[in-house]
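Colleague: I'm new to this one, could you walk me through it?
Modeller: Gladly, let's bring it up and begin with the strands.

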Amino acid sequence: MGSGCVITTGTCILSHFYNTSDRRFYAGKVVIGKNVFIGMNTLIVNAVNIGDGAIIGAGSIVNRDIPAGEIWGGNPARFIKKLNYEE
């Protein structure tokens, strides 16, 4: 996790998942960049990378990588808007 991150209450970060297609358990790591905001009650349910300056809306379920400087939200989390993010 990078510096300046805000992870709000109720957020759950899981770096593992069970793939029902091949009936296998997978584990990895979650990488959270600098200055990321993760909204309340968000679930991160896979080994993903969240880029610098990303914003994740409250109640989202993140199951894929989120690029730097973008807003994502929903279930599953979807792209909402690109930010003018500079370090």
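This is a predicted model: local features need pLDDT of at least 70, side-chain atom pairs count only at pLDDT 80 or more; totals for chains, interfaces and linings use all residues.

Colleague: How many residues sit between β3 and β4 in the hairpin?

Modeller: There are 4 residues between the two strands of that hairpin, and Arg 23, which lies in the turn, has a positive phi of about 55°.

Colleague: And which residue stands opposite Arg 24?

Modeller: That is Asn 19, which stands opposite Arg 24 of β4.

Colleague: Switching to the surface, which residues form the nonpolar patch?

Modeller: The patch on the surface is formed by Met 1, Ile 7 and Ile 13, which together have about 300 Å² of accessible area.

Colleague: Where is Ile 7 placed, and why does Ile 7 count as partly exposed?

Modeller: Ile 7 belongs to strand β1, which covers residues 6-7, and it counts as partly exposed because its relative accessibility is 34%, a value that falls between the limits of 20% for buried and 50% for exposed.

Colleague: Is Trp 72 buried or exposed, and what about Phe 79?

Modeller: Trp 72 is buried, because its relative accessible area is 8%, under the 20% limit, whereas Phe 79 counts as partly exposed at 45% relative accessibility.

How values were computed
Residues are numbered from 1 along each chain as its sequence is written. Side-chain values use heavy atoms; hydrogens and water are left out. Patches are made of residues with over 30% relative accessible area and no salt bridge: like charges are joined within 9 Å, nonpolar side chains (Val, Leu, Ile, Met, Phe, Trp, Tyr) within 5 Å. Accessible areas come from the Shrake-Rupley method with a 1.4 Å probe; for residues, only the protein chains shown count as cover. A salt bridge is a side-chain nitrogen of Lys or Arg within 4 Å of a carboxyl oxygen of Asp or Glu. Buried means under 20% relative accessible area, exposed over 50%, partly exposed in between (1.4 Å probe, protein chains only). Two strands pair if DSSP finds at least two bridges between them.
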